[in-house]
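I opened the notebook to look up a few contacts in this structure. I wanted to know which charged side chains pair up, and what surrounds one of the helices.

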Amino acid sequence: MSGTAPVIDVHTHYVPRGWPDLGPGTPWLRIETETDAVIMLGDKEFRRIQADCWDAPTRLADMDADGIDAQVVSPTPVFFSYGRDVAQAIRIARILNDLALEICAPAPGRLLPMCQVPLQDPDAACEELDRCMAAGHVGVEIGNHVGDRDLDDAGVVTFLQHAAALGAPVFVHPWDMASSPRLDRWMAQWLVGMPAETHLSVLAMILGGVFDRVDERLRICFAHGGGSFAFWLGRMNNAWHKRHDVIGTSQYPPAHYLGRFYVDSVVFDERALRLLVDTVGADRVLVGSDYPYPLGERPAGGLVRKAGFLDDATRDMILAGNARTFLGGAP
């Protein structure tokens, strides 16, 4: 553990070291060594991974090195399977969710699993969330859209209402970004597409009226600092007032809904973190690292620890206090 102020990392991912055949076109794992593997999509390499994706002792050693007391361990979005047949998506979710419990079992209280659900079917998604929360998951990670349906889709809203009633925190991660010759260079899908997707999902929650309709008990957090939302809040407010005929679809202007959602801190620059804290509020920012992937922050929480504009009380809130509130008191 950290030995100083507690730190909870709400944004990390896992991949099991193998799983049953999930069906045609689904991810499979090519094992290369005891500590190295490749996630495959058909005959195409999707991502090279190491033992830190599945091995609890490896994760715990990295957490100790970084001074992290607890990690929320979420699915890798390639497994979401929202475009598949519902029965297959249910099976995939159950298999991965049970494997997540096995990965986290060696360190209860330090490795905190979040589940995935077949979000394309609200009833099935609610049933799987119920099963997982009873089994020991601390919440659910969802993608930021289901095909062409954003988070204001009626089925997704039904699921969010259920999560709110159940007290299950929801972590929103971008996935299935658009591909084009312009976005396929320089990792632009990750550097431009992911922030844009997250911004759009926050916008859908606001202008789609989700925050007007869903219980305020909903605890929802958006990855990667909420994308570009904080930088463009003023533009959204201006548009709500100046073009109310087009986007006056929420009861209040966008800034009114600050305080209804959380964002993580994985923005890599103190100036961006300051804007985030100033915009969404110091009580709405949580440490996130995107561990163990290469575009994540190491050491985890380093930006928050070093940020000169934070006083000690605010820093402690962001390092752990806000995460405890988001997670409903655990760990």
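Entry 1. I looked up the salt-bridge network and found Arg30, Glu32, Glu45 and Arg48 linked in it. The model is predicted, so I treat each distance as computed from it.

Entry 2. I searched the whole structure for salt bridges and got 15. I picked out arginine 110 with aspartate 64, where the closest N and O atoms are 3.0 Å apart. This pair too links distant parts of the chain: arginine 110 sits in the loop between α2 and β6, aspartate 64 in helix α1, and 46 residues separate them. Arginine 110 has a relative accessible area of 13%, so I wrote it down as buried. Aspartate 64, at 38%, counts as partly exposed.

Entry 3. I moved to helix α4, which covers residues 154–166. Its 13 residues reach 18 Å from the first C-alpha to the last, close to the expected 18 Å. Which residue caps the N-terminal end of α4? I found aspartate 153 there, with a side-chain oxygen 3.0 Å from the backbone nitrogen of glycine 155. Aspartate 153 also forms a salt bridge with arginine 149, at 3.2 Å between the closest N and O atoms. Aspartate 153 counts as buried because its relative accessibility is 18%, while arginine 149, at 32%, is partly exposed. I listed the buried residues of α4, among them Val156, Phe159, Leu160 and Ala163. Residues three or four places apart in an α-helix point the same way, because there are 3.6 residues a turn. After α4 comes glycine 167, with a positive phi near 80°.

Entry 4. Glycine 167 turned up again when I looked at arginine 219: the arginine side chain reaches the backbone oxygen of that glycine at 2.9 Å. Arginine 219 lies in the loop between α6 and β9. It is buried yet has no salt bridge, and the nearest side chain of opposite charge, aspartate 215, is 9.4 Å away. I also found the backbone oxygen of threonine 325 at 3.3 Å from a polar atom of the arginine 219 side chain.

How values were computed. Residues are numbered from 1 along each chain as its sequence is written. This is a predicted model: local features need pLDDT of at least 70, side-chain atom pairs count only at pLDDT 80 or more; totals for chains, interfaces and linings use all residues. Side-chain values use heavy atoms; hydrogens and water are left out. Helices (H or I, at least four residues) and strands (E, at least two) are DSSP runs, numbered from the N terminus. The expected span of a helix is 1.5 Å times one less than its number of residues. Buried means under 20% relative accessible area, exposed over 50%, partly exposed in between (1.4 Å probe, protein chains only). A polar contact is a pair of N or O atoms within 3.5 Å; within protein, one must be able to donate a hydrogen and the other to accept it, and residues adjacent in sequence count only if both atoms are side-chain atoms. Lys and Arg count as positive and Asp and Glu as negative; His and the chain ends are not counted. A salt bridge is a side-chain nitrogen of Lys or Arg within 4 Å of a carboxyl oxygen of Asp or Glu.
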